[in-house]
Amino acid sequence: MGASPAKLNLYLDVLGRRDDGFHELETLFAALSFGDEVEVALGTPDAAITLELAGSVEVPTDGRNLAVRAAQAWAEAAGHASGVALRLTKQVPVGAGLGGGSSNAATVLRLANTAAGSPLDEAQLHGLAADLGSDVPFFLHGGAAVGRGRGEQLAPVEAASGVVAILILPPIACETAVVFRNMSARVRAAPAEGLAPAQAALRRGDPLALREAHYNALAVPALGAYPALIRFTSQVEQRLGRPPCLSGSGAALFDLPAPDEIESVLSALEGLPGRRVVATLCP
Ligand code: C5P
């Protein structure tokens with residue numbers, strides 16, 4: 001059984017659109033203590049790949065699920081002819097920008113490969129992960145990392161442990177491709193200092209400085225594409241007295257409270273639709 005953590009983008013700049021239709025990114029990923037659980041059993045009698053679902057979030061159990069596609073890709077690359085049985089205990093919402101599906105896929109690759117005695121090396125796993133999705137490679141290692149390219153070119157970074165994030169999960173799902181398609185020149189410019197202050201704040205474990213340094217170039221296109229997210233975000237801002245951060249292409253918002261603010265932030269958000277989760281960064 002393996003933990004399949006969610007992530008936050010503490011900083012995310014979109015540098016431009018590429019010829020292959022993807023966007024060139026510069027992002028700071030941090031894994032969370034909040035996530036799903038994945039179990040992988042190899043060698044089931046028939047060659048099928050099966051997915052059994054538990055937990056509170058509904059997802060498809062066929063080839064539309066990235067975890068199933070990860071098992072297929074791994075079995076093919078590793079020459080594994082018998083089946084793979086997956087069990088997924090799902091807590092991370094879909095369309096949240098928390099990387100739930102990407103993390104499930106990376107955890108399947110890692111667990112299946114370890115269970116089979118590591119037939120694929122790290123470079124091969126990374127290649128499979130990048131083919132499955134831009135965020136999948138990050139989850140092979142977790143922790144904290146700067147992502148460039150599509151997000152798959154990773155450099156691990158130092159992170160203090162114990163910084164608390166309050167995830168504010170609206171009953172709204174954002175589709176990543178829709179948000180990227182809604183990118184326009186109107187996007188708020190990234191801070192001149194770029195990524196460096198966010199990285200320094202994460203190294204020090206300073207939630208206020210992390211909040212200051214947060215930037216997400218996908219926030220404007222996400223809000224533009226999902227009017228319900230504008231209403232939800234402004235409700236959150238009114239209650240918090242400060243703008244919340246957005247993770248990835250949304251719809252998950254988050255706040256980074258100082259340790260003595262956690263209770264007051266949670267009570268200010270009481271009664272909002274959706275749910276709140278208290279998690280730590282880079283556990
Ligand atoms: O890589 P992934 O499958 O997660 O991407 C989903 C969609 O998000 C892509 O089809 C693309 O439209 C968009 N995307 C992008 N640039 C990235 C990552 C994703 O345009 N760096």
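Predicted model: local features only at pLDDT ≥ 70, side-chain atom pairs only at ≥ 80, totals over all residues.
## Ligand shell

## Polar contacts and cover

In histidine 23, a side-chain N or O atom is 2.7 Å from an oxygen atom of the ligand. For serine 134, the corresponding distance from a side-chain N or O atom to a ligand oxygen atom is 2.6 Å. Arginine 150 uses its backbone: an N or O atom there is 3.1 Å from a ligand nitrogen atom. On its own the ligand has 450 Å² of accessible area, and the protein covers 72% of that.

## Largest pocket

The ligand sits in the largest pocket. This pocket holds about 1200 Å³ of space. It is lined by 45 residues, with Ser102, Asp135, Thr176, Ala177 and Ser249 closest to its centre. The lining splits into 19 nonpolar, 17 polar and nine charged residues.

Elements that each supply at least two lining residues include strand S1 (2-17), helix H1 (66-78) and helix H2 (100-115).

## Second largest pocket

The second largest pocket has a volume of about 420 Å³. Among its 19 lining residues, Arg188, His214, Pro243, Pro244 and Cys245 are closest to the centre. Eleven lining residues are nonpolar, three polar and five charged. Helix H8 (219-225) gives the most to this lining, with three residues.

How values were computed. Residues numbered from 1 in each chain as written. Heavy atoms only, no water. Polar contact = N/O pair within 3.5 Å; in protein donor to acceptor, adjacent residues only side chain to side chain. Areas by Shrake-Rupley, 256 points an atom, 1.4 Å probe, with all protein chains shown as cover. 1 Å grid on protein atoms, 1.4 Å probe; cavity = no way out; pocket = protein on both sides within 12 Å on 5 of 7 lines; lining within 4 Å. Sits in = over half its atoms within 2 Å of the grid points. Points joined across faces, edges and corners; volume = space filled by probe spheres on them. Helix = DSSP H or I, 4+ residues; strand = E, 2+ residues; numbered from the N terminus. Nonpolar A, V, L, I, M, F, W, Y, C, P; charged D, E, K, R; others polar.
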